[in-house]
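Colleague: Could you take me through this model and tell me what stands behind each label you use?
Modeller: Gladly; let us look at it together.

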Amino acid sequence: MSTKKHSRAGRGVADLPQVKRRRRLENLLYTRTRVAHLAAEYRSHGLDEHVELYLLQLEVEQVLADEFPDAFEAHVGNWAEEEAAAEHHPQVTTETCSLCRAIAVHNGGGSGAPLAA
Ligand SMILES: [Zn+2]
């Protein structure tokens with residue numbers, strides 16, 4: 001009794017695995033971008049943690065390459081540029097760098113807020 005048509009109207013249920021897969025891909029790409037940025041920033045500041053972050057980055061990239069080879073191929077070309085853009089010279093302060101911003105805040109370089117109330 002296999003009379004199930006290929007084009008059944010049961011929407012939603014059939015789409016679920018694909019939606020899940022897409023969400024997983026988006027999560028992986030987002031995680032990779034975040035980790036890669038952090039690794040570049042830590043590298044720029046000469047912090048040892050950049051090694052761990054880089055290893056984590058490679059792990060995420062490996063998962064992407066295994067599970068989503070097409071998306072990996074489509075994105076891998078942009079990653080080197082992104083990373084180069086996220087990195088900066090040790091002597092330079094960059095607004096886009098979260099560590100630079102954190103250091104600026106720590107040094108009291110707030111946006112014109114008075115120190116004493
Ligand atoms: Zn920085």
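**Labels and their grounds**

Modeller: Helix H3, residues 69-86, has 18 residues and reaches 25 Å from its first C-alpha to its last, close to the 26 Å expected at 1.5 Å a residue. The expected span is 1.5 Å times one less than the number of residues in the helix. This is a predicted model, where local features need pLDDT of at least 70 and side-chain atom pairs count only at pLDDT 80 or more, while totals for chains, interfaces and linings use all residues. Residues are numbered from 1 along each chain as its sequence is written.

Colleague: Where is the kink in H3 centred?

Modeller: On histidine 75, with a kink of about 40°. The bend at a residue is the angle between axes fitted to the seven residues ending there and the seven starting there.

Colleague: Why are H1 and H2 called roughly antiparallel?

Modeller: Helix H1 (residues 16-44) and helix H2 (residues 49-67) pack at an angle of about 155°, with their axes 8 Å apart. Angles under 35 degrees count as roughly parallel, over 145 as roughly antiparallel, 65 to 115 as roughly perpendicular and the rest as oblique. H1 and H2 are therefore roughly antiparallel to each other. The axes are lines fitted to C-alpha atoms, for helices over the stretch in contact, and angles run from 0 to 180 degrees between N-to-C directions.

Colleague: Why are H1 and H3 called roughly parallel, then?

Modeller: H1 and H3 pack at an angle of about 25°, with their axes 10 Å apart, and they are therefore roughly parallel to each other.

Colleague: Which residues of H1 and H3 meet?

Modeller: Leu25, Leu29, Ala36, His37, Ala40 and Glu41 in H1 meet Ala71, His75, Trp79, Glu82, Glu83 and Ala86 in H3. Two residues are in contact if their C-beta atoms, placed from the backbone, lie within 7 Å.

Colleague: Why does leucine 25 count as partly exposed?

Modeller: Leucine 25 has its place in helix H1. A residue is buried if 20 or more other C-beta atoms lie within 10 Å of its own, exposed if 12 or fewer, and partly exposed in between, with C-beta atoms placed from the backbone. With 17 C-beta neighbours inside 10 Å, leucine 25 therefore counts as partly exposed. Leaving aside its neighbours within four places in sequence, leucine 25 is in contact with Phe68 and Ala71.

Colleague: And why does alanine 84 count as exposed?

Modeller: Alanine 84, in helix H3, has 10 C-beta neighbours inside 10 Å, so it counts as exposed. The C-alpha atoms of alanine 84 and alanine 40 are separated by 7.8 Å, although the two are 44 residues apart along the chain.

Colleague: Which residues of H1 are buried?

Modeller: Arg32, Val35, Ala36, His37, Ala39, Ala40, Glu41 and Tyr42. The buried residues of H1 pack against H2, H3 and helix H4 (98-106). Over the protein chain, buried residues make up 13% of the 117 residues.

Technical notes:
Helix = DSSP H or I, 4+ residues; strand = E, 2+ residues; numbered from the N terminus.
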